[in-house]
Amino acid sequence: MEKSRYTKYPATLKELQYPYISMQDRYLCYYVSESFSILENMRNQALRRAVLETKIPGVIEVSMGQVAFMVHFDPFRIDKDDLIKEIIAIVESVADISQWVFEPTITELPVWFDDPWSIKCYLEHKEWHQVKDGSISNFKYSAQLNNMTSEEFERLICSRPCWCDADGFVIGIMGLAPMTKKLEEYIHLPKWEKSRPWTPNRGFVWGGSHFAVHPYVTPGGYQLLGSCAVPVFSRERILEPFQESDVLLKVGDIVIIRSIKEDEYKEIRAEVEAGKYKYKRQKRKFYPKDWAEDPDGFCQQLMEEFK
Amino acid sequence: MIKVIEPGIEALVTDLGRFGYYDNGLPPDGPMDNFSFRVGNILLGNDENAAQIGCIFMAPTLEVVEDTHVVFTGAECDPLINGEVVPMWQVHPVRKGDVISQDVAKSGSRVYVCFSGGIDTPLDYGSRSTYLIAGVGGYKGRALQEGDVLKLFPSAMHRSKLQGRKLEGKYIPRFFNSYELRVVPGGMVHEINNFDEFCEITWTVSQYFGRTAYRLFSPGFEYSWARRAAGIPQPFGAGPDPGNAVLNIYPVGAIQINLGNEAIVLLQDAVSAGGYVIIGTIVGPDQDIIGQGKMGDKIKFISVSEEQALEAYRERARLLSEIRGIYLV
């Protein structure tokens, strides 16, 4: 990759070529790609991890978005030009997809779609939603936008493993997207017209091309589709996956959504409350190359193996 | 020990902040006015990272349970000890049973009540700072409430040496309702064609200002969206509106913009990522200025180079080093 491809500010939109680096006084932002795709996100994760593992003196932290990562550095410990050189060298060393290996944990998340809490939250703030009269839940509205019945929409969400593509925003939340390569297969939903002041704890929400489970009550603007029965964030750390961390999911993990109904939701909640719930989880190696060559076959096999 | 009699407004235990967890969505959560906070600790002979109480406009009313020393820094206000006004930026001995309080701030917004030794709460993700949204750090992850009892670390300095220590007048920061903030353009500034105009106009702090962000508005101003003007479609995954971006990374101090023609300045409790365009970052020392800001303040942005930004940090470092020099004992 030639250095000249890294556009320096100020640049106009037309001059920009990706990847590019935006340098500010304490932050180096590396934009991998303009558009989102799972593949570019995997590249972003591989690059960011390589930067982290290099442990460059003067680098404080390396955070990430979906197709960009950001190096927070101390400009008095490392010269910015040296940092740029170092980052470019690292990026070039991991440019090839065949080198990427992830070790995801696959986790099942049981979700009650079109649940009463999502509906209640929507009705409280319906004037900020596209549907202002409260006549249809976010879930049914979203199914209709995709020309599907509720059952078909639910099946679609549960049909593919989903990739943990970006954490951050607030601690414990994770952005996820179904592991497809075809743009037309992404489920797209508009965000609310205006963001609402709160979202129910464990709310399963979808906006743009990806979804998330709210780790606690936070503001939000994604469509409220359901309620996840199990926590994704725990400061009490009672359940097994939280022994090491407050956070259930890490970037590069894989999630499988399972649709449940009210009875099972209540059973699982009781187990969670009693500290006895056992998450269905598996650890495995994942080579993005395998997935990129045959996404459908790969996903199908992964779902089979997880059963 | 000190006991909370009345909670004040959003009184939070804070140190210089937590670093290394921003990638997980944990921001620094440090003091909104880093300079005033540090000076409080310097005057008390504390480590500059010692935890203290930071609040907005109004400090809590506190009862002293064990003899200690206190200093008020930050927003201009009248601190009270047993109902009598005492000067800010000066160390005061307080005895068991004394009551410490403060009249509402006159200029600026963030007040620091600092104690000899600093507040002893557990480290959480490497820091004692409070992150309210997730209940991390501080005193039980929340703002102080009536009846809370805070432990203090032993004083780092003998009381005879603390007696009478005060900051020279020339070092005391002053806070105004109108100020300039230096900004290094970057991020996705190419998404707008009128960054120059952005810097020429006056912005006003709206009613939405807090530790996460200050939302600014400027009636009549509109962003000139480069993508729309050039007929280039939105990137896949960004969302339909100009100003929407594929989940983007936000530096602390970043200016985030949106179709509503707002400018949102992210501060100490910033969200680390989000779906909007950012156009630059406010230089660190100037984040203290807006950190002391409040609704109705007028702001102008000045575009500076990275090198000019670094000079601002050097200047701040020189100033602090001078102050430290005075109080080295």
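This is a predicted model: local features need pLDDT of at least 70, side-chain atom pairs count only at pLDDT 80 or more; totals for chains, interfaces and linings use all residues.
We begin with the division of chain A into domains. The domain assignment places residues 3-97 of chain A in domain 1 and residues 105-306 in domain 2. The C-alpha centres of these two domains of chain A are 29 Å apart. Where the domains meet, 12 residues of domain 1 of chain A touch 19 residues of domain 2 of chain A. The size of an interface is often given as the accessible area lost when the parts come together. For domain 1 and domain 2 of chain A, this buried area is about 1200 Å², and carbon and sulfur atoms give 67% of it. On the side of domain 1 of chain A, three residues stand out: A:Ile38, A:Met42 and A:Ile97 supply 43% of the area that this domain buries against domain 2, more than any other three residues. How many salt bridges cross the interface of domain 1 and domain 2 of chain A? The count there is 0.

The next step is the interface of the two chains. Here 54 residues of chain A are in contact with 51 residues of chain B. Chain A and chain B bury about 4200 Å² between them, with 62% of this area coming from carbon and sulfur atoms. A:Leu13, A:Asp25 and A:Ile171 provide 16% of what chain A buries against chain B, more than any other three residues.

Charged side chains also take part. Side chains of opposite charge can pair when their charged atoms come close. Over all chains, the structure has 38 salt bridges, and 4 salt bridges are counted between chain A and chain B. In one salt bridge, A:Glu34 pairs with B:Arg227, and their closest N and O atoms are 2.6 Å apart. Why does this pair join two chains? A:Glu34 belongs to the loop between strand 2 (27-31) and helix 1 (38-54) of chain A, while B:Arg227 belongs to helix 4 (residues 226-230) of chain B, so the pair links two chains. Another salt bridge brings together the side chains of B:Glu306 and A:Lys80, at 3.2 Å from N to O.

Rolling a probe the size of a water molecule over the atoms shows where empty space is left. The second largest pocket holds about 850 Å³ of space. Of the 31 residues that line this pocket, A:Arg26, B:Asn34, B:Arg38, B:Gly284 and B:Tyr313 are the closest to its centre. Several elements of chain B each give at least two residues to the lining of the second largest pocket: helix 1 (34-43), strand 19 (273-282), helix 5 (284-291) and helix 6 (306-327). By class, the lining of this pocket consists of 15 nonpolar, 8 polar and 8 charged residues.

The model also has 2 cavities of 30 Å³ or more. The largest cavity contains about 160 Å³ of space. It is lined by 20 residues, of which B:Met188, B:Glu191, B:Pro235, B:Ala245 and B:Val246 are the closest to its centre. Which strand of chain B gives the largest share of the lining of the largest cavity? Strand 16 (residues 244-249) of chain B does, with 5 residues. The lining of the largest cavity comprises 12 nonpolar, 5 polar and 3 charged residues.

The second largest cavity has a volume of about 80 Å³. Among the residues that line the second largest cavity are B:Glu10, B:Pro31, B:Cys55, B:Tyr112 and B:Arg211. Two or more lining residues each come from strand 2 (12-14), strand 3 (52-56) and strand 10 (107-115) of chain B. Strand 10 of chain B gives the largest share of the lining of the second largest cavity, 3 residues. The lining of the second largest cavity divides into 6 nonpolar, 2 polar and 3 charged residues.

Finally, two details concern the backbone of chain A. Most residues other than glycine have a negative phi, and most peptide bonds are trans. The peptide bond from A:Tyr18 to A:Pro19, however, is cis, with omega near 0°. A:Pro19 is found in the segment before strand 1 (20-23) of chain A. A:Arg202, a residue other than glycine, has a positive phi, near 65°. A:Arg202 sits in the loop between strand 8 (196-199) and strand 9 (203-207) of chain A.

Note on methods: Residues are numbered from 1 along each chain as its sequence is written. Chains are lettered from A and ligands numbered from 1 in the order in which they are written. Side-chain values use heavy atoms; hydrogens and water are left out. On a 1 Å grid over the protein atoms alone, a cavity is a set of points where a 1.4 Å probe fits but cannot get out, and a pocket is an open set with protein on both sides within 12 Å along at least five of seven lines; lining residues have an atom within 4 Å of a point. Grid points are joined across faces, edges and corners, and a volume is the space filled by probe spheres set on the points. Helices (H or I, at least four residues) and strands (E, at least two) are DSSP runs, numbered from the N terminus. Ala, Val, Leu, Ile, Met, Phe, Trp, Tyr, Cys and Pro count as nonpolar, Asp, Glu, Lys and Arg as charged, and the others, Gly among them, as polar. Domain bounds come from an automatic or database domain assignment. Contact means heavy atoms within 4.5 Å. Buried area is the accessible area (1.4 Å probe) that two parts lose on being put together, summed over both.
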